[in-house]
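This short report goes with the structure shown below. Look over the sequence and the model before reading on.

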Amino acid sequence: MSGALTDGRPAHLGDFQLRPRFLLITAIALPIGAVAALTASALLKLIGLITNLVFYQRFGTDLVALGAGHHPWWLVLTAPVCGGLVIGVMARFGSEKIRGHGMPEAIEAILTGGSRVAPRVAVLKPASAAISIGTGGPFGAEGPIIMTGGAVGSIVAQLLKLSADERKTLLVAGSAGGMAATFNAPLASILLAVELLLFEWRPRSFVPVAASVAVATVCRGFLLGTGPVFGVPAPGTPGPAADGLALIPGVTGGLLAIAATVLVYLAEDGFAKLPVHWMWWPAIGGLLIGLGGLVEPRALGVGYDVIDQLLTGQATTSLIVGILAVKTVIWSLSLGSGTSGGVLAPVFMIGAALGAAEGDLLPHIAPGFWATCGLAAVVGGVMRSPLTGIVFTLELTHAWGDLLPLVVASVSAYGLSALLLKRSVLTEKIARRRLHLTREYTTDPLETFFAHEVMTHGAPAEQGEVVVYADDTLREVANRLAEGHAVRAAVVARAEPDRVLGVISVAQLLHARRRDLHEEHHRERVLVLNARKPAATAEV
């Protein structure tokens, strides 16, 4: 076999590099999705149990609204402080990994920890989150569920002694499965995995993650039901005017996302300057939560009932203003204290409140229409994940007819946030640990050139030199050089491996990148020259 097709194309190359082993990883991901769904259901019930015990002095596991009834002022003020004290102790003497909202910790485990998560994190993270939210913390359950579901996938992979890439796949499969089970949003959970956690778009990881999400979503139907989490009234027809006006919640949502992100890390910097151990920071953050709760009690807790009112157009003006001001402040400041809790539910609430407030000034389309646009916008701006923001909003509400205005709102917020702020609320913490994370997916220029195109023809090979094939891509050549700790390699024909055609060096691998830069700079120079020409000349 020559290794090449009759027309000269290398037969060993294709659109994707996929081995049958991915079927095994997919099979392992299926039960992980089921376990993630069970974990999500258990965490939601645990939050409900603690909330009922603390604020209503009764036994029950249903998620209940805070602030809908009367709570003594001293309870509103002290419950979050007590919860913060417990979390601080758990973090200091259990595992510091439970601090934070879950997603940066999952990202860090993937980037630097070989996708390994300690078993105790799988227990302590959901417990700490349930205590934080159940005692009034203005957080969501999804971040801890992401970390806990990821821990399940990671532990299974460690027990089976799988590779680091396979551990990453199963970690993300557990995380995405937990998300899907929490919000009944399978496609948004898959997109979140791709946009935030996998750092690749490859069948070897995408298929197992999708399989886990599918199983988790089916299990969610038996555990929590199959309906939308926030079902909205029958939507109207937005029309072209509404599509264009969706830019307003998009731009304001992007600005609000920037402000909230900056506030989170200003708070973190402020807590770092306190002359007390970080163990006490969640309790101080709890005090801020309690003070905010005295102003607007509905800002406390996970707040799914408030989000529902905002998205269905039933929220009063006082509730909208209270949530927009109080929830944003106490969520940002308390998150900076290093307590345990997720970001998505608060972002949903803040975004919906922004859209609802603007809905009083914009044309009426349907009840809650502008609130859904605000939700998609703030998710797109805070998470820097516009596709996730769009699809999440659609799956949460089933308002499928609102697709185009949601695209306008989410993408405009995302563009503004990416332009004005270097890091998101998810990646700034990673950067502060001296890690650089780029979220731009581009074609690798080393994948588009072959060894025979840049090699030195006829150069002699050295004894024991690394060998590559003439039809290997430069990416394959770079991998072989790295594995062999070499700076050059002999190039041979695939059909005649004993015949040396030439040599290729590290310097020649830069050829593809130089060509990329040349094309980019050439385009830039052309644009500059055209800009300097007189109008008549430029038109010609």
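## The largest pocket

This is a predicted model. Sorted by class, the residues lining its largest pocket are 13 nonpolar, eleven polar and 16 charged. The lining is made up of 40 residues. Those nearest the centre of the pocket are Gln17, Arg202, Arg204, Glu447 and Arg475. The space in this pocket comes to about 1,500 Å³.

Which helix gives the largest share of the lining? That is helix 20, with five residues. Helix 20 spans 474-483. At least two lining residues each also come from helix 1 (21-56), helix 6 (164-183) and helix 8 (203-223).

## Thr182 in helix 6

Helix 6, which contributes to the pocket lining, also contains Thr182. Is Thr182 buried or exposed? Thr182 has a relative accessible area of 5%, and it counts as buried because this value is under the 20% cut-off.

The side chain of Thr182 reaches the backbone oxygen of Gly178 at a distance of 2.8 Å. Leaving aside residues up to four places away in sequence, Thr182 touches Ala40, Ile145, Arg220, Val229 and Tyr304.

## Confidence in the model

The chain has a mean pLDDT of 85, and 90% of its residues reach 70 or more. In residues 1-6 the pLDDT is below 50, and this stretch has eleven contacts in the model beyond near neighbours in sequence. Residues 535-540 also have a pLDDT below 50.

How values were computed:
Residues numbered from 1 in each chain as written. Predicted model: local features only at pLDDT ≥ 70, side-chain atom pairs only at ≥ 80, totals over all residues. Heavy atoms only, no water. pLDDT = per-residue confidence, 0-100. Contact = heavy atoms within 4.5 Å. 1 Å grid on protein atoms, 1.4 Å probe; cavity = no way out; pocket = protein on both sides within 12 Å on 5 of 7 lines; lining within 4 Å. Points joined across faces, edges and corners; volume = space filled by probe spheres on them. Helix = DSSP H or I, 4+ residues; strand = E, 2+ residues; numbered from the N terminus. Nonpolar A, V, L, I, M, F, W, Y, C, P; charged D, E, K, R; others polar. Buried < 20%, exposed > 50% of the residue type's maximum accessible area, 1.4 Å probe, protein only. Polar contact = N/O pair within 3.5 Å; in protein donor to acceptor, adjacent residues only side chain to side chain.
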